[in-house]
Amino acid sequence: MDAADREIFKASLLHAVRGHTGSALDAALDDLGWHEALTLDAETAVSLLFEVQGTASASSSAIGEVLRFALGLDGHHKSDVVLPAFGRWETPGKIVDGSLSVRGLGIVSMGDRPRTLIAATVNDMVAVLDVMAADLVLRHVGGVDPRLGLVQVVGDGVPFNVLTELEPTGWSTAVGVSQLALGHELVGAARTMLELARQHALARIQFGKPISAFQSIRHRLADTLVGIETAESMLRAAWVDQSPVTAGMAKALAGRGARAAARHCQQVLAGIGFTTEHSFHHYVRRVFVLDQLFGTASALTGELGNQLLSSRQLMAMPPL
Amino acid sequence: MELDEYRASLDDWLERNTHVLTPDHDGIGTLDDQMAQLSKVKRLAFEAGWMRWGWPERVGGLGGSILLRAYLGEALTSRDLVEPGIYSMTEVLAPTMIDYAPLDLAASMVPKLLSGEETWCQGFSEPATGSNLAALSCRATRDGDVWRISGQKVWTSLAQYADRCVLLTRTGSSESAHTGITALFVDMGSPGITVRPIETMHGVPEFSEVFFDDVAVPLDRTLGEEGQGWSVAMDLLPFERSTALWHRVAYLHRRLQSLLDVAPAHLLDSVALGEVTQLLYALRARSRATQYRVAAGEKLGPETSIDKVLVASAEQAVFDLVGAGLGEEVIMGDDPSSDRWRREYLYSRAATIYGGTAEIQRNIIARRLLDLGSDR
Ligand SMILES: Cc1cc2nc3c(=O)[nH]c(=O)nc-3n(C[C@H](O)[C@H](O)[C@H](O)COP(=O)(O)OP(=O)(O)OC[C@H]3O[C@@H](n4cnc5c(N)ncnc54)[C@H](O)[C@@H]3O)c2cc1C
């Protein structure tokens with residue numbers, strides 16, 4: 001996509017996420033050709049959609065679509081895709097002695113269609129399975145962020161058909177792309193939190209001046225921006241790099257940056273930010289959940305550290 | 001020359017010339033050793049052309065993208081051929097000369113800096129003027145066809161080695177703040193200049209006090225116009241906070257790898273290690289994007305404060321990890337390797353001070369990038 005097309009596409013995505021959420025947003029994305037864009041230019045389609053979705057705290061089934069695309073299963077549009085379980089990044093399915101158990105999550109459209117796709121580990125291999133939604137137990141999650149439309153997916157001894165077996169790195173690559181999508185969403189949410197806090201800081205007068213004049217307020221907001229830009233830089237580099245390790249690093253930086261944004265901006269917004277009359281709380285909730293999907297910042301960071309401790313070898317840095 | 005070609009042929013040249021380029025001294029060396037090594041490497045790289053790529057032809061360069069010189073810095077530091085701190089002075093001071101010195105002055109002086117023939121220093125800070133740079137008081141007064149300078153600078157890195165100084169002086173009234181500052185290019189050998197080196201916490205006389213007693217500087221050594229010194233400084237600092245730090249990232253990567261090579265597993269916290277690594281790679285990504293923006297002709301500005309906050313945090317995080325993973329060496333070791341770790345550990349404490357403190361960077365981000373208005 002060239003720069004002009006990008007701008008047009010971004011504007012239509014922004015329009016979609018501002019006007020719709022949930023299955024209405026899924027429909028809007030269908031209409032504006034987001035799926036085609038995903039297959040033509042994944043980086044642009046994913047980074048633009050997820051950033052604006054985060055900015056608007058809108059929700060869609062797009063993360064499942066990203067996982068489907070990254071697993072190379074574009075052809076199976078008529079089924080939902082099960083995401084890894086809360087806080088995890090292993091496959092949601094596991095087959096032991098021929099019996100499939102499922103511990104995973106779905107978003108928005110989960111359960112609306114008769115069939116689901118589930119990646120499952122069989123010994124050291126990963127296969128993608130076709131499973132009837134009716135054979136799974138679905139629980140629509142209220143929880144901390146009811147507007148996200150999260151669904152808990154559980155099943156034991158579930159009947160399945162094997163659709164395909166993945167290359168050895170297939171699953172981790174797909175996890176990486178999904179992590180990048182979530183990273184952009186976290187960055188988008190953090191940018192809105194920063195903007196809400198910034199506007200409040202300029203407007204709110206205490207001790208005869210706007211609170212934006214107080215250095216502790218300014219430095220909190222500055223640190224928030226540094227955290228956001230740090231994550232953004234790493235996300236961009238990870239798209240170029242295409243390695244699941246860098247994608248995990250980017251997701252961790254985005255999760256940490258967004259959690260820090262939530263903390264700093266909550267403090268700046270103080271009382272008004274603690275109400276449901278102000279939109280801030282939607283972002284706090286969203287970031288809290290998104291950090292968990294496909295691995296929290298702290299779990300991914302610990303995992304990276306452990307890998308380095310055993311390999312004793314840093315990855316090469318992206319070349320100039 | 002394109003980056004890929006430059007990279008390949010430079011790597012090849014470095015490989016073939018390892019024997020002459022490798023430092024003569026053992027371990028990290030004294031500052032004298034490091035300065036001698038820096039001059040040698042710059043001279044050889046200049047003669048072979050490497051040090052000239054990425055600089056304009058009118059100042060003795062061979063033209064081409066600034067990415068070429070960024071790669072040179074990275075290649076030299078990641079092979080441990082130059083000490084990264086003293087190497088950055090070129091990347092800070094040469095761009096200022098190119099943008100602000102009269103054409104013939106830049107043409108005659110910049111090659112001396114690039115070729116390692118000369119060392120230059122940066123005289124900004126004063127005893128009463130650190131963060132609040134606009135309050136500087138080192139006075140320059142016009143006297144016929146010369147400026148006469150009286151006053152004092154402090155923390156002037158490498159002043160005792162320097163042949164020239166990019167000096168900020170007060171030429172307006174003492175209340176003129178940033179409108180009454182003029183930048184001058186001063187010969188450090190001029191009568192009336194006294195340099196007193198100061199020993200730093202990391203055991204090196206890296207910076208000095210510099211005293212000016214009625215020092216005469218020709219008018220044609222003015223950088224920019226009279227009263228334009230603040231713009232000179234504001235254009236210089238973004239280089240000091242971003243492009244001049246590119247090779248530092250390569251250095252930090254190398255040292256983190258050295259730490260991983262030797263530190264016992266039980267002394268390295270995996271979360272801290274993971275976090276440092278993430279920070280370092282994000283810094284590399286950010287810094288790379290900055291290099292490409294400059295290469296595309298963009299002017300650097302307040303956004304470089306983000307680069308600077310990142311590099312300072314990454315450097316201190318790397319060496320905090322060193323302090324934990326190699327605590328005994330850093331604290332008690334007397335061998336050359338321990339001495340090096342200790343000096344680097346201690347030096348990293350300054351990363352949030354030089355080039356504008358961490359607080360000043362946050363002030364800039366708040367005011368210029370977040371548009372939060374005045375802090376009064
Ligand atoms: C290793 C090293 C090399 C250096 N090399 C050079 C050089 O070559 N040339 C040169 O000119 N200078 C050099 N410096 C000086 C450096 O630029 C100054 O130290 C720096 O600008 C801070 O000034 P200061 O030390 O006077 O601290 P101060 O400005 O006195 O600051 C003291 C503390 O107060 C804080 N503070 C000050 N103002 C504010 C504010 N508005 N808001 C919040 N906090 C504030 C600071 O952040 C700091 O924490 C070097 C310094 C070091 C450590």
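## Basis of the model

The model is predicted: local features need pLDDT of at least 70, side-chain atom pairs count only at pLDDT 80 or more, and totals for chains, interfaces and linings use all residues. Residues are numbered from 1 along each chain as its sequence is written, chains are lettered from A and ligands numbered from 1 in the order in which they are written, and side-chain values use heavy atoms, with hydrogens and water left out.

## Helices α4 and α5 of chain A

Helices here are DSSP runs of H or I with at least four residues, and strands are runs of E with at least two, numbered from the N terminus. In chain A, helix α4 covers residues 42-56 and helix α5 covers residues 62-70; their axes are 11 Å apart and the packing angle is about 165 degrees. Axes are lines fitted to C-alpha atoms, for helices over the stretch in contact, and angles run from 0 to 180 degrees between N-to-C directions. The angle makes α4(A) roughly antiparallel to α5(A). Angles over 145 degrees count as roughly antiparallel, under 35 as roughly parallel, 65 to 115 as roughly perpendicular, and the rest as oblique.

Contact means heavy atoms within 4.5 Å. On the α4(A) side the contact is made by Ala42(A), Val46(A), Leu49(A) and Phe50(A), and on the α5(A) side by Ala62(A), Ile63(A), Val66(A) and Phe69(A). By class, these are eight nonpolar, no polar and no charged residues. Ala, Val, Leu, Ile, Met, Phe, Trp, Tyr, Cys and Pro count as nonpolar, Asp, Glu, Lys and Arg as charged, and the others, Gly among them, as polar. In α5(A), seven of the nine residues are buried; among them are Gly64(A), Glu65(A) and Arg68(A). Buried means under 20% relative accessible area, exposed over 50%, and partly exposed in between, with a 1.4 Å probe and protein chains only. Just after α5(A), Gly72(A) has a positive phi of about 75 degrees.

## Thr44 of chain A

Thr44(A) is in helix α4 of chain A. With a relative accessibility of 5%, Thr44(A) counts as buried. Its side chain makes a polar contact of 2.6 Å with the side chain of Asp41(A). A polar contact is a pair of N or O atoms within 3.5 Å; within protein, one must be able to donate a hydrogen and the other to accept it, and residues adjacent in sequence count only if both atoms are side-chain atoms. Leaving aside neighbours within four places in sequence, Thr44(A) is in contact with Met1(A) and Arg6(A).

## Helices α8 and α10 of chain B

In chain B, the axes of helix α8 (residues 246-262) and helix α10 (residues 304-325) come within 10 Å and cross at roughly 15 degrees. The two helices, α8(B) and α10(B), are therefore roughly parallel. Their contact has nine nonpolar, no polar and three charged residues. Residues of α8(B) in the contact include Arg248(B) and Arg255(B), and those of α10(B) include Glu315(B) and Phe319(B).

## Arg284 of chain B

Arg284(B) lies in helix α9 (residues 270-295) of chain B. It is buried, with a relative accessible area of 2%. A polar atom of the Arg284(B) side chain lies 2.8 Å from the backbone oxygen of Pro318(A). Not counting residues up to four places away in sequence, Arg284(B) touches Met317(A), Pro318(A), Pro319(A) and Leu320(A) in chain A, and Glu74(B), Trp246(B) and Val249(B) in chain B.
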